[in-house]
Amino acid sequence: MSTTQSERLRELLEPLIASQGLDLEEIAVDSVGRKRVLRVVVDSDTGADLDRIADVSRALSAKLDETDAMGEGEYTLEVGTPGAERALTERRHFVRATGRLVRFQLAGTGELVARILHADDDGLDLEVPGVKGRKATTRRVALADVEKARVQVEFNRKDKDKDEKEEEA
C-alpha cells in the first residue's frame with residue numbers, strides 16, 4: 001500500500017473509529033489474486049467485543065463507499081482486534097497489557113520475560129518470575145529502553161481473582 005493511500009485511509013477512517021470509542025491500530029491493504037483486502041485493526045482500553053466490531057465495520061464500509069479511497073476495483077473490508085501475541089509499540093499498548101506476560105528486547109541488556117504490573121508515562125513496573133523455586137522480583141524499566149515487546153500466550157496461568165475468591169470461601 002502506498003504511503004499516500006495509507007495516509008489518506010488513516011485520515012479518512014481514524015476520526016470515524018475514534019467516534020466509536022476505539023483506537024485505530026493498523027491499516028493494511030493486501031492483494032489476494034485480483035481482489036484486495038483492506039484490514040483495519042482497532043482496539044480500546046476496555047477491549048472491543050463483536051458488537052462493537054460489527055458497528056465500526058458497518059460505519060467504515062459506508063464511509064468507504066462514499067469516497068474513492070480504495071479506487072475502482074473490488075475489495076473486502078476486514079475489521080478486527082490485535083492478536084493474542086501482539087507487538088507492543090505505544091504507551092497505551094503497555095497499559096492495556098497490564099497483568100500480561102511479555103517478552104521484552106531491552107537496549108543494552110538483552111531479553112527479558114516479565115509480567116507488566118503497572119505502566120505510566122516514564123516506564124513499566126515488571127514482575128520477573130523466579131527461577132528454580134526462587135521468588136519473583138520486581139523491576140522498573142524505562143519505556144525508552146524497550147526496543148521490542150510482544151505479549152506471550154499463557155495456557156496454564158491461574159486466574160488470580162478466581163483463586164482469591166476460592167480462598168475466601
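This briefing walks through salt bridges in the structure above. The model is predicted, so to speak of local features requires pLDDT of at least 70, side-chain atom pairs count only at pLDDT 80 or more, and totals for chains, interfaces and linings use all residues. Residues are numbered from 1 along each chain as its sequence is written, and side-chain values use heavy atoms, with hydrogens and water left out. Taking a salt bridge as a side-chain nitrogen of Lys or Arg within 4 Å of a carboxyl oxygen of Asp or Glu, the count comes to 19.

**Arginine 140 and its partners**
- Arginine 140 meets aspartate 120 in a salt bridge, at 2.9 Å from N to O.
- This pair links distant parts of the chain, 20 residues apart: aspartate 120 sits in the loop between strand 5 (110–119) and strand 6 (123–128), and arginine 140 in strand 7 (residues 137–142); strands here are DSSP runs (E, at least two residues), numbered from the N terminus.
- Arginine 140 also forms a salt bridge with aspartate 125, with the closest N and O atoms 3.1 Å apart.
- Here, too, distant parts of the chain are linked, with aspartate 125 in strand 6 and arginine 140 in strand 7, 15 residues apart.
- Arginine 140 is partly exposed at 41% relative accessible area (buried is under 20%, exposed over 50%, partly exposed in between; 1.4 Å probe, protein chains only).
- Aspartate 120 is partly exposed at 22%, and aspartate 125 is partly exposed at 27%.

- Glutamate 90 pairs with arginine 92 in a salt bridge, their closest N and O atoms lying 3.7 Å apart.
- Glutamate 90 is partly exposed at 38%, and arginine 92 is partly exposed at 25%.
- Shared partners join Asp23, Glu25, Asp43, Asp45, Arg86, Glu90, Arg92 and Arg96 into one network of salt bridges.

Terms used
Helix = DSSP H or I, 4+ residues; strand = E, 2+ residues; numbered from the N terminus.
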